[in-house]
Amino acid sequence: MHATLSETRQREKLDVTIHSTAAEASISLAREIASLIRNRAAEGKRLVLGLATGSTPVPVYRELIRMHREEGLSFANVFTFNLDEYYGIAREHPESYWSFMHQQLFNHIDLPAEQLHIPNGTLPRAEVFAACHAYEERIAELGGLDLQVLGIGRTGHIGFNEPGSGRNSRTRLVTLDALTRRDAERDFPGEDKVPRHAITMGVGTIMQARRIVMLAWGEAKARVVAQAVEGEPRESLPASFLQHHPNVTVMLDSAAAAELTRIKLPWLVGPVEWTPPMAHRAVTWLAANVQRPLLKLLDEHYAEHGMADLLTAQGPAYQLNIQHFNDVQHTITGWPGGKAGADDTHRPEKATPYPKRVLVIAPEPSDEMLGMGGTLTRLVEQGHILTVAYLTSGSLAVPDEEAEMAAELINAYAKERGAGIAGDVATAPQTGIAACGAATDAPAAASATAQAAATATATGPATSASTSADTRRLKAVIRRGEARQALRCAGVSPAAARFLDLPFYERGRYRQFFPGEDDVAALSQLIGEVAPHQIFSTGAGQEPNSVGGICHALLMAALRRARTAGTLPQGARLWLYRTPDKAWQPHEINMAVPLSPAQLARRTRAIYQHKSQLSQTPPPQSTLCEAWQVAEASSRNIAVTYDALGLAEYEAIEAFQRVDVAGE
Ligand code: F6R
């Protein structure tokens, strides 16, 4: 017996459509918009669109541009109103929403300039109120918004209506939430540069649109989406007010839908097919939910939580308990590369071949340490042959201050030695700078570094990460130094490091990445050279435009290619490590590598070597958000979860998920 669709959606108070990918969902919204535009044009009427910025709508805009170019879609009868704009930055600023919309959409279509509207973030404070009022008037004058496109922030904001925004709020000046500012940190390198205020349409303004489509991609949005869709409408989560609107669709990719009850706990909303993975998921959830170890679950616990049919088919409780306890037990191993000579029937990784060639993929430097630093140490200690591939340089995540500091050091050192800058830096590796990670590995790169140093000190600080290729180069050098130092700290030879500097990252910026064939080719070549028996990577489920999301898609493409070409050893396994942001439930873990207190402390020291990634905000504001703290807390949490299920009590655990190499 299967659950009906309406039955499974009983907890959803908004109309939700789940697409397998963000690309597929974006195409469907772009088609809806295009047909509205064409229908209105046929009637000689205008269409008024409400638009959003941020990563989320980017694939929709790309599809609209494609339709304009290839299918003759014209925007001549379209009027647009953007939701919001930062307050206090010029239109020309690369991070203004004005710039964003022009780069992502307006420059590539035939929308007349006088028909687009974006709140003005440069007005004197005294004029803002009147301008906000005029913005609303203009929307009304044109007949109101026909369709409003929305993203959702991790705080539950729509537009910049942060928690606390009223149901009837109008266009106004607002203060940005701390979490929203942290999410924007990577765009403005350095939190103190992120604007504190913005002008946004109000919740009430948005609610007046005739139709609203809210989009969300990636696992980081899953929780807030579920709260907005299934929770009570409330000011603490402004997106939940959409429940009061008669014509809203929430479009999700599968990662963003993961916390909806029908996906996460389907047995609570209807009958399910009790496959082994479904049963495992339900039983481990039940133990956590009733706060009992697996071996102490009773028949009535099953019966009271929508699992009576599981009990009938596979019970009694005693039988189910022991089976699923064993399944969790078998995920635990101190031998992440497999234990040579041991019976591996119930071990997560195969005993042979030994030693293994292991390829560890880090989309950005530090990802590998945060997700699997302790496992890296073990793999080396157990004799495996490691290659750690850093796919991108990570230069975009280095605050300008760090580059200025490095530039100053290089120049001061050059002056001290009384030599020309370039020559001096070029010899630095022999003279000691290399030891602290500030110098480059090759003379060519060294002179680029010197040039960057000269540029940074001669022209003053760069205003944004993208302004100077030289500055980005220097930032990349900083990250390479940190990555090597962190590897040393974890007991891995820095010679294991491979820096791929994938082209999509080097030629792009956040939200403006265009991965291409050259990226897949570079990764395929690496796989061909290493011929790994075991691969560790991360990024599945991340927002598809993020560095992690793009790198995961590239890796899967390269692996498929390698498999077809026969360059991947038979039986090679792919393991995903977690990003500290995402908590995995026990049923999602196929390998759990325990860390002792000393091993955890060592990993934290290694993570700490990525100093350019430490928050720029001094404590106490930053005490809970440093990456090493988040990583430590999440590894401890898995240990606590295992302990609560009745397994052995460890200090911390690094968790891995096994994925089919073909990506199915
Ligand atoms: C953008 C906006 C915001 C974003 C939200 C999600 O104009 O108003 O509400 O939609 O912050 O941002 P991304 O898409 O970058 O995750």
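A polar contact is a pair of N or O atoms within 3.5 Å. In this predicted model, a polar side-chain atom of Thr56 lies 2.4 Å from an oxygen atom of the ligand.

**Ligand site**
- The side chain of Asp84 places an N or O atom 2.4 Å from an oxygen atom of the ligand, and a polar side-chain atom of His157 lies 2.6 Å from a ligand oxygen atom.
- The protein buries 89% of the 410 Å² that the ligand exposes when taken alone.

**Helix H13**
- Helix H13 has 13 residues (317–329); at 1.5 Å a residue it should span 18 Å, which agrees with the 18 Å between its end C-alpha atoms.
- Ala317, Leu320, Asn321, His324, Phe325 and Val328 are the buried residues of H13.
- These residues cover an arc of only 125° around the axis, so they lie on the same side of H13.

**Cis peptide bonds**
- Gly315 and Pro316 are joined by a cis peptide bond with omega of about 5°; Pro316 is in the loop between helix H12 (308–314) and H13.
- Tyr354 and Pro355 are joined by a cis peptide bond with omega of about -10°; Pro355 is in the loop between H13 and strand E11 (357–362).

- Ser366, in the loop between E11 and helix H14 (367–381), has a phi near 95° and is buried, with a relative accessible area of 9%.
- Ala531, in the loop between helix H20 (517–530) and strand E14 (534–537), has a phi of about 45° and is buried, with a relative accessible area of 17%.

Methods
Residues numbered from 1 in each chain as written. Predicted model: local features only at pLDDT ≥ 70, side-chain atom pairs only at ≥ 80, totals over all residues. Heavy atoms only, no water. Polar contact = N/O pair within 3.5 Å; in protein donor to acceptor, adjacent residues only side chain to side chain. Areas by Shrake-Rupley, 256 points an atom, 1.4 Å probe, with all protein chains shown as cover. Helix = DSSP H or I, 4+ residues; strand = E, 2+ residues; numbered from the N terminus. Expected span 1.5 Å × (residues − 1). Buried < 20%, exposed > 50% of the residue type's maximum accessible area, 1.4 Å probe, protein only. Arc of directions from axis to C-beta.
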